[in-house]
Amino acid sequence: MNREPKDDELLRSYLLGDLPGEDADRLEGRLLADDDLFDLAEAVEADLLAALDRGELAPAEGERVLRRLASSPQGRGRLALARSLNAAAGETAGDRKVVLPFARRAPAFPPPAIHWIALAASLVMLTGLGWFAWQHRAQAPEATSRVAVQTPAPLAPPQAAAPHPSNPPAAQTPPDSGPGAKRKAPHPALAPAVLTLSFVTSRGAEGEAVQQLRLPPGTRMAEIQIDAEGLDEARSFDVVVRNRDKETIMEKKGLALRALDWGQALVLHIPAERLPAGRYEVAVTPQGGSEVGKEFEVVEGRR
């Protein structure tokens, strides 16, 4: 793992929503490509929930932890787990007893005895090998002659035809190189599930089908791409994802448009565990503008 300095602080700021947009996007890219960093993010999240239960966070910081990390059913489950672990740790601390220092055990044999034992074992092994060679000395010539009779004579290697001077051999291109070579597909657990949303037909459209985000088993990250067409022109946007109960699942402030293969879009990464099956809403507020929203549905997919 290529751990950058202060990864713990970066992940803490990211989970609390304090990381600027470009830094958050860069960190999300690392989370998709680095399993160890993703595990560290889960550990930092667990530490924040445990600190919240112990009352160690400032009121404003605790409110953000509740809103961002413990608003979903999975988040409330992790908070309950942190509360149970804190309770167990408190009981263990109350029952702690004085533990005597561990005494190092003396070796079974003192060092001089070990040396003599090793030397005796070597002498016994050499004596046995010598006796075995003496007993089988008469069979060696006969075995050698049998091997010589049964082994066929080596065949002369075929002579390769010399290439014609006017037709030099063509250079071979490795199968995985060249402009048309296919890139290796990412590991299934690291490949995000992608949903592309557009606000072009959402205003005033009736009976519009709700788009679906399929999360195959093992998916760790969901990527929501919001088409810039249909949004008001602005330098930055605030994006909020809410569940059916209007609870905030993810919130990003100051998000800028990014250039994708098909055009300009807002890109939002959400851990898949925060998106159980159900209806959700994406609300986008341009800088100095009014909020627009669009619903989507998360369904469980199959690989």
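Modeller: A residue is called buried when its relative accessible area is under 20%, and exposed when that area is over 50%. The model we are looking at is predicted.

Biologist: With that cut-off, what makes both faces of β3 count as covered?

Modeller: On one side of β3 lie M221, E223, Q225 and D227, on the other A222, I224 and I226, and all of them are buried. In a regular strand, side chains alternate between the two faces of the sheet. The count for β3 is 7 buried residues of 7, and the strand is described as mostly covered.

Biologist: Which strands pair with β3, and in which sense?

Modeller: β1 and β3 are parallel and share 5 bridges, while β3 and β7 are antiparallel and share 7 bridges. Two strands pair if at least two bridges are found between them, so both cases qualify. As examples of facing residues, V194 is opposite E223 in β3, and D227 is opposite A265 in β7.

Biologist: What is the strand order in the open sheet of 5 strands?

Modeller: The order is β2-β9-β8-β4-β5, and the pairing is mixed here too.

Biologist: What makes β2 and β5 edge strands?

Modeller: β2 (211-215) and β5 (248-255) each have a single partner strand, so one side of each has no neighbour in the sheet. On average, neighbouring strands of this sheet are turned by 25° against each other, direction ignored.

Biologist: How do you know that β4 and β5 are paired?

Modeller: Strand β4 (residues 237-243) and β5 are joined by 5 bridges and run antiparallel. At least two bridges are required, so the pair qualifies. In one of these bridges, R242 has T248 of β5 as its partner.

Biologist: Why is the aromatic pair of Y280 and F296 called stacked?

Modeller: The ring centres of Y280 and F296 are 5.6 Å apart, and the planes are at 20°. The structure holds 1 aromatic pair. It links Y280 in strand β8 with F296 in strand β9, 16 residues apart.

Biologist: How do you know that Y280 and F296 are buried?

Modeller: Y280 has 5% relative accessibility, and F296 has 0%. Both values are under 20%, so both residues count as buried.

Biologist: Which residues touch the most other members of the largest nonpolar core?

Modeller: They are L213, I226, L275, V282, V284 and F296, in a core of 27 residues. Two or more residues come from each of β1 (193-197), β2, β3 (221-227), β4, β5, β7 (264-271), β8 (278-286) and β9 (292-300). L275 is in contact with L213, L215, A222, I249, I270, Y280 and V298, apart from neighbours within four places in sequence. A second, separate core has 26 residues, including Y14, L49, L57 and L69.

Biologist: Y14 brings us to helix α1; which of the residues in α1 are buried?

Modeller: In α1 (residues 7-16), these are D7, L11, Y14, L15 and L16. The buried residues of α1 pack against α2 (21-33), α3 (35-54), α4 (59-69) and β7. After α1 comes G17, with a positive phi near 80°.

Biologist: How many helices and strands does the protein chain have?

Modeller: There are 7 helices and 9 strands. The chain has 303 residues, of which 31% count as buried. The chain exposes about 20,900 Å², and carbon and sulfur atoms supply 57% of that area. Among contacts with a separation of 6 or more, 65% are between residues 24 or more positions apart.

How values were computed: Residues numbered from 1 in each chain as written. Predicted model: local features only at pLDDT ≥ 70, side-chain atom pairs only at ≥ 80, totals over all residues. Heavy atoms only, no water. Helix = DSSP H or I, 4+ residues; strand = E, 2+ residues; numbered from the N terminus. Axes fitted to C-alpha atoms, helices over the stretch in contact; angles between N-to-C directions. Buried < 20%, exposed > 50% of the residue type's maximum accessible area, 1.4 Å probe, protein only. Contact = heavy atoms within 4.5 Å. Areas by Shrake-Rupley, 256 points an atom, 1.4 Å probe, with all protein chains shown as cover. Core = buried A, V, L, I, M, F, W, Y, C linked by side-chain atoms within 4.5 Å. Phe/Tyr/Trp six-rings, centres within 6.5 Å; stacked < 30°, edge-to-face > 60°.
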